Amino acid sequence: MKQSKFTDSQIIEALKRVEGGVPVPEICREYGISTATFYKWRAKYGGLDVPMMSRMKELEAENTRLKRMYAEERLKADILKEILGKNNPAISAPRVGQGIGGEQGYYGTAGM
């Protein structure tokens, strides 16, 4: 994700100045941003103060990390399910009465 060149306090200050009556185009000129950027800020951060905004960013970063962890674990589970679901003789357990390698065991018919 691209990091903003504006700090949380600068964004909050711009939003509060507009609430105080300064026109949006003037704020956009001062900060060197487009009106679309300002309205995105207002949609995302409107009504927040600096500590709440910082906490929200921390939670977003944690959520991203957890989503990545979930995706990795889900992939591992799918791989294991695929491996165990196949009828692979190298992985499957020996049948009752057979030893390793297919030779007859104690209950087999070899000695009869």
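**Entry 1: isoleucine 11**

I looked up what isoleucine 11 touches, leaving aside its neighbours within four places in sequence. Its contacts are Ser4, Phe6, Trp41, Tyr45 and Met53. I note here that the model is predicted.

I then looked for the largest nonpolar core, and it has 16 residues. Ile11 is among those with the most contacts inside this core, together with Ile33, Phe38, Trp41 and Tyr45. Helix 1, helix 2 and helix 3 each supply at least two residues of the core. The largest share comes from helix 1, with 5 residues.

**Entry 2: the whole chain**

I stepped back to the chain as a whole. I counted 4 helices and 0 strands. Read from the N terminus on, the order of elements is α-α-α-α.

The protein chain has 112 residues, and 16% of them count as buried. The chain exposes about 9,300 Å², and carbon and sulfur atoms supply 57% of that area. I also looked at contacts between residues at least 6 apart in sequence; 42% of them join residues at least 24 apart.

**Entry 3: aromatic pairs**

How many aromatic pairs does a search of the whole structure find? It finds 3. I wrote down two of them.

Phenylalanine 6 lies in the segment before helix 1, while tryptophan 41 lies in helix 3 (residues 35-45). They are 35 residues apart, and the pair links distant parts of the chain. Both phenylalanine 6 and tryptophan 41 are buried.

Another pair is phenylalanine 38 with tyrosine 39, with ring centres 5.5 Å apart. The planes of these two rings are at 75 degrees, so this pair is edge-to-face too. Tyrosine 39 has 38%, so it counts as partly exposed.

I also noted an aromatic cluster, formed by Phe6, Tyr31 and Trp41.

**Entry 4: helix 3**

Which residues of helix 3 are buried? I found Phe38, Trp41 and Tyr45. Looking down the axis of helix 3, I saw that its buried residues fall within an arc of 60 degrees, so they line one face of the helix. The general rule is that an α-helix has 3.6 residues a turn, so residues three or four places apart point the same way.

On the other side of helix 3, Lys40 and Ala43 are exposed. The buried residues of helix 3 pack against helix 1, helix 2 (24-31) and helix 4 (50-85). After helix 3 comes glycine 47, and its phi is positive, near 85 degrees.

**Entry 5: helix 2**

I repeated the search on helix 2. Its buried residues include Val24, Ile27, Cys28 and Tyr31. Down the axis of helix 2, the buried residues fall within an arc of 100 degrees, so they too line one face of their helix. Helix 1 and helix 3 are part of what covers them. Helix 2 is followed by glycine 32, whose phi is positive, near 70 degrees.

Is aspartate 8 buried or exposed? Its relative accessible area is 16%, and the cut-off for buried is under 20%, so aspartate 8 is buried. Its side chain makes a polar contact of 3.2 Å with the side chain of serine 54. Not counting residues up to four places away in sequence, aspartate 8 touches Val50, Met53, Ser54 and Lys57.

Glutamine 10 is also found in helix 1 (residues 8-19). At 30% relative accessibility, glutamine 10 counts as partly exposed. With residues up to four places away in sequence left out, glutamine 10 touches Lys5 and Tyr31.

Key:
Residues numbered from 1 in each chain as written. Predicted model: local features only at pLDDT ≥ 70, side-chain atom pairs only at ≥ 80, totals over all residues. Heavy atoms only, no water. Buried < 20%, exposed > 50% of the residue type's maximum accessible area, 1.4 Å probe, protein only. Contact = heavy atoms within 4.5 Å. Phe/Tyr/Trp six-rings, centres within 6.5 Å; stacked < 30°, edge-to-face > 60°. Arc of directions from axis to C-beta. Polar contact = N/O pair within 3.5 Å; in protein donor to acceptor, adjacent residues only side chain to side chain. Areas by Shrake-Rupley, 256 points an atom, 1.4 Å probe, with all protein chains shown as cover. Core = buried A, V, L, I, M, F, W, Y, C linked by side-chain atoms within 4.5 Å.
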